[in-house]
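Me: Could you take a close look at one part of this model, the sheet and what packs on it, and then follow on to a pair of helices?

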Amino acid sequence: MIAKNILDIKNISIKYGEQAPAVENVSMTVKNKEIVGIVGESGSGKSTIIRAVLGLLPAGAAVSSGNIIFKNEDILNYSERKWREIRGNRMAVIFQDSGGFLTPVKKVGNQFVETIRSHFHISKKEAFDKAVFMIKKMDMADAAAVMNSYPFQLSGGMKQRVAIAMAMVMKPELLLADEPTSALDVTVQAQVVRQMAELRKNFNTSIVLVTHNLGVAAYMCDKIGVMQEGRLVEWGTKDQVINNPRNKYTMELLSAVPELEGCDFGGKEAAYTGD
Ligand SMILES: Nc1ncnc2c1ncn2[C@@H]1O[C@H](COP(=O)(O)OP(=O)(O)OP(=O)(O)O)[C@@H](O)[C@H]1O
Ligand SMILES: [Mg+2]
């Protein structure tokens with residue numbers, strides 16, 4: 001059976017030890033090829049949801065009720081082995097500083113090739129070509145130069161784009177991106193966000209994007225969820241949430257975004273200019 005929803009989060013609550021739940025009774029669905037944004041204040045539980053979907057909650061933390069269905073399977077029943085199998089293959093993740101995880105003492109190209117070959121049984125040459133293809137897709141035209149660089153020779157934005165390229169080369173069905181652009185300056189943020197939106201077009205990846213920036217969510221997402229104190233206080237299509245919010249907190253968030261239409265991310269149909 002083909003799953004229409006790639007991810008179905010049903011009434012989950014998540015606790016860290018004996019503390020009050022960090023996430024309470026949250027439900028959200030991600031359809032095939034859909035980009036879902038999660039916004040909300042610091043500490044509202046956004047990353048906790050992402051960790052739960054990845055099976056990466058810290059020791060002592062647990063999903064205390066509800067289900068997380070990934071393509072018709074309840075992943076909360078997965079064994080550790082099964083988790084490892086899907087992480088990095090069918091699900092990929094990018095954090096705020098994924099670029100910072102590149103090893104400083106090895107050239108980017110070697111690291112990229114090793115990562116690819118740990119997933120696919122292909123030759124070094126084939127892996128190299130795959131990496132170059134993906135780096136170009138991230139709008140770094142001189143892919144050979146990037147491959148030949150040590151991480152310290154690249155800017156933060158370039159490293160983050162390399163990290164996204166590494167995540168995407170596995171053609172994951174679901175990409176979980178937790179503040180992937182927050183550490184970058186605004187212009188670079190806009191570039192990376194545009195390129196992530198392109199990736200969905202090219203690879204049909206569904207994306208869950210956690211961001212503080214409602215402007216980014218408005219540019220990129222089909223649906224937006226707003227979290228406050230562990231609860232999902234607003235959920236709807238981008239147009240509903242931006243133009244017709246029901247929740248007071250969403251309205252406050254919206255009023256704090258200086259200029260949604262003219263923001264650096266462009267309007268809804270912002271053309272990809274490749275700059
Ligand atoms: N390892 C942990 N141990 C105990 N409590 C935690 C842990 N990680 C998060 N929490 C608590 O869970 C709640 C939700 O945290 P979470 O990191 O999911 O928020 P967030 O929305 O991602 O915030 P931010 O925007 O700052 O990244 C917070 O109250 C936080 O203090
Ligand atoms: Mg977080």
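Reply: Within β2, Val 23 is the bridge partner of Ile 14, where strands are DSSP runs of E with at least two residues, helices are runs of H or I with at least four, and both are numbered from the N terminus. Strand β1 (residues 5-16) is joined to β2 by six bridges, and the two run antiparallel; strands count as paired if DSSP finds at least two bridges between them. The model is a predicted one, in which local features need pLDDT of at least 70 and side-chain atom pairs count only at pLDDT 80 or more, while totals for chains, interfaces and linings use all residues. Residues are numbered from 1 along each chain as its sequence is written, chains are lettered from A and ligands numbered from 1 in the order in which they are written, and side-chain values use heavy atoms, with hydrogens and water left out.

These strands belong to an open sheet of four, ordered β2-β1-β4-β5 with antiparallel pairing, whose edge strands, β2 (23-31) and β5 (73-74), each pair on one side only. Helix α1 (residues 46-54) packs on this sheet, touching β1, β2 and β4 (61-70), and its direction makes about 115 degrees with that of β1; contact means heavy atoms within 4.5 Å, and angles run from 0 to 180 degrees between N-to-C directions of axes, which are lines fitted to C-alpha atoms, for helices over the stretch in contact.

Turning to the helix pair, the axes of α6 (residues 156-168) and α7 (residues 186-203) come within 10 Å and cross at roughly 15 degrees, which makes α6 roughly parallel to α7, a term for angles under 35 degrees.

Technical notes
Parallel < 35°, antiparallel > 145°, perpendicular 65-115°, else oblique.
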